[in-house]
Amino acid sequence: MRTGLLTQVMRFGVVGAAGFVVDGGLLWLFISLDFDPYLARALSFPIAVIVTWALNRNWTFRETRDISRKGQFQRYFGVQTVGTLTNYAIYSAVIGLFGAAALTIFVAFALGSLFGSFINFFGARKVAFRA
């Protein structure tokens, strides 16, 4: 039985929140260690993708767990890459326009994540975790 759209959206949101915490926490850690904010973001995001793929596979889209893990992860990573490019473009544009102060970096991170999440959900539902 396929999970309903509303249930998937809510679960995807919870998983996205977990990914946001992982991504943001690592971003903050790397920046506090004096990493360049662009490099810090490039490092934090792939880790969050792995975490969210595992959570989405086993909870949000659990009816597709019997599908090849490798193929599913490759499709998920592809979808996440498109969402990430959108996310990162917004993140970079905000920092480029307003500077790299801590609050600006956080706002850039939040805005990029918001827009990227729309792409990520529909891509995950229609491409990565298709039944």
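Author: In this predicted model, a residue counts as buried when its relative accessible area is under 20%, and as exposed when that area is over 50%.

Reader: Is Arg 41 buried or exposed, and at what relative accessibility?

Author: The cut-off for a buried residue is a relative accessible area under 20%. Arg 41 falls below that limit and therefore counts as buried, its relative accessibility being 2%.

Reader: Which residue forms a salt bridge with Arg 41?

Author: Side chains of opposite charge can pair when their charged atoms come close. The structure holds 1 salt bridge, and the closest N and O atoms of its two partners are 2.5 Å apart. One end is Arg 41 in helix α2 (residues 37–60), while the other lies 18 residues away in helix α1 (residues 5–32), so that the pair links distant parts of the chain. This partner counts as buried because its relative accessibility is 4%, and the residue is Asp 23.

Reader: Which helix gives the most to the nonpolar patch on the surface?

Author: The patch has about 860 Å² of accessible area together, and its members include Phe 20, Leu 103, Phe 106 and Phe 118. Two helices, α1 and α4 (102–128), each supply at least two of the patch residues. The greatest contribution, 7 residues, comes from α4.

Reader: What is the relative accessible area of Val 21?

Author: Val 21 is found in helix α1 and is one of the residues that form the nonpolar patch. An exposed residue must have a relative accessible area over 50%, and Val 21 is therefore exposed, with a value of 57%.

Definitions and conventions: Residues are numbered from 1 along each chain as its sequence is written. This is a predicted model: local features need pLDDT of at least 70, side-chain atom pairs count only at pLDDT 80 or more; totals for chains, interfaces and linings use all residues. Side-chain values use heavy atoms; hydrogens and water are left out. A salt bridge is a side-chain nitrogen of Lys or Arg within 4 Å of a carboxyl oxygen of Asp or Glu. Helices (H or I, at least four residues) and strands (E, at least two) are DSSP runs, numbered from the N terminus. Buried means under 20% relative accessible area, exposed over 50%, partly exposed in between (1.4 Å probe, protein chains only). Patches are made of residues with over 30% relative accessible area and no salt bridge: like charges are joined within 9 Å, nonpolar side chains (Val, Leu, Ile, Met, Phe, Trp, Tyr) within 5 Å. Accessible areas come from the Shrake-Rupley method with a 1.4 Å probe; for residues, only the protein chains shown count as cover.
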